[in-house]
Amino acid sequence: MHEMTSTRATLTEQQRETLEALAGEIRVRRPVVAFTGAGISTESGIPDYRGPNGLWKRVRPTTFREFLNDPEVRAAYWRRRRERYPQMVQVEPNAGHLALVRLQEAGLLSTIITQNIDGLHQRAGADPESVIELHGTVHEIRCLECERRFPAAEFPLPEGDEEPVCPVCGGIVKEATISFGESLVADDLRRALEIARDCELMLVVGSSLQVNPAAKVPLIAAQQGAVLAIINREPTPLDPLADFVVQASAGAALSYVADLLTG
Ligand SMILES: [Zn+2]
């Protein structure tokens with residue numbers, strides 16, 4: 001109960017009123033669809049790559065072409081992964097992820113379409129089948145030749161600078177995330193767009209909605225007449241199309257909504 005009180009304290013009176021109205025719409029239009037971005041995971045300590053203090057403001061990301069063409073780029077990529085992945089495995093889901101799971105368990109939320117690669121929705125308890133990871137996941141390794149995917153836990157990286165290869169075909173492998181200049185997985189995007197065309201309410205959480213084609217998903221939902229709700233700390237380009245806009249912490253806002261609906 002202490003947690004709920006402190007959560008409420010970070011929302012303004014007006015934000016609470018907006019979230020109460022949103023909860024009413026969720027009840028009517030269930031099951032709704034969530035579309036999430038980095039802002040839902042920053043409260044777990046994962047940096048927002050494109051936000052005002054985003055990592056990409058300081059470090060230039062590796063492009064897909066560089067990765068394919070340059071063994072030295074790949075060696076640096078795997079060095080970074082060896083350093084970072086053990087930390088990523090230890091990151092815990094936060095109140096925002098848990099609130100979405102509460103909505104899902106109550107039958108109020110069907111699908112979670114996410115731009116995040118951290119796997120935190122599933123770790124929070126979301127049905128893995130219901131999560132569409134548009135930008136892939138750090139928790140799998142993918143072969144660029146045969147397209148096989150391997151759980152990271154079952155794919156030990158070689159020591160030193162030796163390059164990992166596909167154990168089946170010997171092809172170049174990579175984290176199963178979408179790099180700059182790399183296409184999204186066509187099936188994932190198609191499924192997300194189909195869901196956007198069918199849903200009655202799309203709840204955007206923690207996305208700046210500036211990265212295409214992912215940002216097309218809520219745009220299409222709004223264009224086909226779905227109620228669009230956006231919870232994000234900063235304004236987004238789709239705010240003018242949205243029925244509800246709450247500029248607040250994802251964890252605080254979603255917990256408040258979940259308390260109202262599942263309390
Ligand atoms: Zn392969």
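**Entry 1: A124**

Leaving out residues up to four places away in sequence, A124 touches P93, H97, L98 and V101; contact here means heavy atoms within 4.5 Å. I placed A124 in helix 6, residues 120-124. Helices (H or I, at least four residues) and strands (E, at least two) are DSSP runs, numbered from the N terminus. A124 counts as buried because its relative accessibility is 13%. The cut-offs are: buried under 20% relative accessible area, exposed over 50%, partly exposed in between, with a 1.4 Å probe and protein chains only. I also checked A124 against N94: they are 30 residues apart along the chain, and their C-alpha atoms are separated by 7.9 Å.

**Entry 2: ground rules**

I note that residues are numbered from 1 along each chain as its sequence is written, and that side-chain values use heavy atoms, with hydrogens and water left out. In this predicted model, local features need pLDDT of at least 70 and side-chain atom pairs count only at pLDDT 80 or more, while totals for chains, interfaces and linings use all residues.

**Entry 3: the zinc ion**

Which residues coordinate the zinc ion? I found C143, C146, C166 and C169, each through SG, at 2.3 Å. Donors are N, O and S atoms within 2.8 Å of the metal (3.2 Å for Na, K and Ca); water is not among the atoms, so sites may look incomplete. I read off the spacing of the donor residues as C-x2-C-x19-C-x2-C. C143 lies in strand 4 and C169 in the loop between strand 5 (149-151) and strand 6, so this pair ties together parts that are 26 residues apart in sequence.

Next I checked the geometry. The 4 donor atoms subtend angles of 99 to 119 degrees, so the arrangement is tetrahedral. Four donors count as tetrahedral if all angles lie between 85 and 135 degrees.

I compared this with the record. UniProt, in an unreviewed entry, places the feature "binding site" at C143, C146, C166 and C169. These positions are spread over 27 residues of sequence but cluster in space, with a largest C-alpha distance of 8.5 Å. UniProt positions follow the numbering used here, feature names are shortened, and annotations may be inferred rather than shown by experiment.

**Entry 4: the four cysteines one by one**

Are they buried or exposed? C143 counts as buried because its relative accessibility is 0%. C166 is buried too, at 3%. C146 counts as partly exposed at 26%. C169 is partly exposed, with a relative accessible area of 39%.

I then listed contacts, leaving out residues up to four places away in sequence. C143 touches R148, C166, C169, G171, I172 and V173. C146 sits in the loop between strand 4 and strand 5, and C146 touches C166 and C169.

I also searched the whole structure for disulfides and got 0. A disulfide is a pair of cysteine sulfur atoms within 2.5 Å.

**Entry 5: H135**

The UniProt annotation "active site", from an unreviewed entry, covers H135. I found H135 in the loop between strand 3 (131-133) and strand 4. H135 is buried, with a relative accessible area of 12%. Beyond its neighbours within four places in sequence, H135 is in contact with T114, Q115, I117, A176, T177, I178, L184, V211 and A214.

**Entry 6: salt bridges**

How many salt bridges does the structure hold? I count 13. A salt bridge is a side-chain nitrogen of Lys or Arg within 4 Å of a carboxyl oxygen of Asp or Glu.

E13 and R16 meet at 2.9 Å, N to O. Both lie in helix 2 (residues 13-29), 3 residues apart, about one turn of the helix.

Then I followed E182. The side chains of R142 and E182 form a salt bridge at 2.3 Å, N to O. R142 lies in strand 4 (residues 136-143) and E182 in the loop between strand 6 (173-177) and helix 7 (186-198), so the pair ties together parts that are 40 residues apart in sequence. R142 and E182 are both buried. E182 also forms a salt bridge with K174, where the closest N and O atoms are 3.0 Å apart. K174 is buried as well. Through shared partners, salt bridges join R142, E147, K174 and E182 into one network.

Technical notes: Tetrahedral: all angles 85-135°; square planar, octahedral: opposite > 155°, others 65-115°.
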